[in-house]
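Trainee: I have a model open and want to check the terms used for it. Can we go through them one by one?

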Amino acid sequence: MSDLISGVDNMSVNEAKSGGNDAGRIAEVKAWLASQFDAAGKDVPEFEYTPRSIAHLYNLATASQAKTQAANIVANDFRQKAVEYHAQAARIREILENVGLAQESLPSNVVSSAQVLANVANFLNIRDTELSSFLVAMGDLSLRKTGVEEKRAKVQKESKILLDYTRKAIARLTYLKRTLAQLEDDIPPCEAQMENWKTNLAVMASKERQYLQQYSNYKALLNRVGYTQDISHGMLVEMAEHRQDLEKKTKPIVDTLRSYQDLPPDKALATLAIEDKKRQYAAAEKYLEDVLQSALATTD
């Protein structure tokens with residue numbers, strides 16, 4: 001039936017359309033449908049005869065008739081062969097009966113053996129019972145068995161390899177699932193850490209801009225005060241030590257100079273100031289002597 005349908009599908013659509021309105025084809029289609037449904041014991045169902053349906057049914061009828069004719073030829077051939085085989089079997093039966101080897105006169109074990117021999121011959125697809133035919137068939141069967149065994153061994157080996165690959169794949173899949181579950185569990189803390197990093201990054205970016213601005217300001221300030229690359233920390237330390245040495249050396253001189261700061265800037269005024277100091281010194285000596293004299297007198 002599948003061959004019939006495929007034969008219908010492969011026919012030309014243009015040819016079907018060109019003969020869709022042919023009354024002769026409609027008659028042939030009706031006759032074919034009637035014969036087919038009559039053979040099945042059913043009535044032809046009612047349907048609309050359109051050009052498309054007529055075309056398909058005509059192609060189907062043509063293919064069916066061709067298949068039926070071919071089947072009739074094959075059936076006739078089989079019937080002719082069956083008649084010939086029956087005639088040959090009757091002739092062989094007559095020969096066996098003439099020599100006293102009729103089936104009825106043979107022991108049951110001989111009949112069973114002959115039946116087994118015939119079944120084996122049919123199984124081995126040989127047309128005679130010659131020993132050589134059996135040997136050739138058995139050899140062919142052995143070769144086929146060997147080929148099947150080789151294919152089976154190959155398939156078993158491939159199956160073993162595939163089974164090994166499957167086990168490894170299952171183990172890998174289990175590991176990947178476990179890893180995926182672990183990664184999914186690590187997502188929340190990682191997201192929290194990422195948010196913290198983003199916040200810190202924003203703060204650091206702000207600090208970076210602030211430090212860059214301060215660096216620019218300090219650089220401009222150093223340029224204004226004349227700072228050069230030659231002024232280093234070691235040089236500043238050395239200058240500070242030299243300043244301390246100078247302060248130690250100049251301290252006595254500074255102290256001496258400070259004692260002269262009370263003197264008037266004019267020479268005459270300085271002389272008067274000196275005389276005044278001398279009088280004050282003499283008065284103090286006199287006062288000290290009077291005090292000493294009074295103390296001595298009191299003692300006496």
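Mentor: Start with confidence. pLDDT is the predictor's confidence in each residue, from 0 to 100. This is a predicted model, and the protein averages a pLDDT of 79. At least 70 is reached by 81% of the residues.

Trainee: Which elements have the lowest and the highest mean pLDDT?

Mentor: Helix 1 (residues 2-9) has the lowest, 42. Helix 6 has the highest, 90. Over residues 1-20, pLDDT stays under 50. For that stretch the model has 18 contacts beyond four places in sequence. Where pLDDT is low, predicted coordinates should not be read in detail.

Trainee: Why is helix 5 called oblique to helix 6?

Mentor: Helix 5 and helix 6 (residues 131-225) pack at about 50 degrees, with axes 10 Å apart. Roughly parallel needs an angle under 35 degrees, and roughly perpendicular starts at 65. The angle therefore makes helix 5 oblique to helix 6. The crossing is left-handed.

Trainee: What makes the contact of helix 5 with helix 6 nonpolar by class?

Mentor: Helix 5 gives Leu117, Val120, Ala121, Phe123 and Leu124. Helix 6 gives Phe134, Ala137, Met138 and Leu141. By class that is nine nonpolar, no polar and no charged residues.

Trainee: Why are helix 3 and helix 4 called oblique to each other?

Mentor: The axes of helix 3 (residues 23-40) and helix 4 (residues 51-98) cross at roughly 60 degrees. Those axes come within 9 Å. Roughly perpendicular starts at 65 degrees. Helix 3 and helix 4 are therefore oblique. Helix 3 passes helix 4 in a left-handed crossing.

Trainee: How do the residues of that contact divide by class?

Mentor: Into nine nonpolar, three polar and two charged. Arg25, Glu28 and Trp32 of helix 3 are among the residues in contact, as are Tyr58 and Ser64 of helix 4.

Methods
Residues are numbered from 1 along each chain as its sequence is written. This is a predicted model: local features need pLDDT of at least 70, side-chain atom pairs count only at pLDDT 80 or more; totals for chains, interfaces and linings use all residues. Side-chain values use heavy atoms; hydrogens and water are left out. Axes are lines fitted to C-alpha atoms, for helices over the stretch in contact, and angles run from 0 to 180 degrees between N-to-C directions. Helices (H or I, at least four residues) and strands (E, at least two) are DSSP runs, numbered from the N terminus. Angles under 35 degrees count as roughly parallel, over 145 as roughly antiparallel, 65 to 115 as roughly perpendicular and the rest as oblique. A crossing is left-handed if the near helix is turned anticlockwise from the far one by less than a right angle, and right-handed if clockwise. Contact means heavy atoms within 4.5 Å. Ala, Val, Leu, Ile, Met, Phe, Trp, Tyr, Cys and Pro count as nonpolar, Asp, Glu, Lys and Arg as charged, and the others, Gly among them, as polar.
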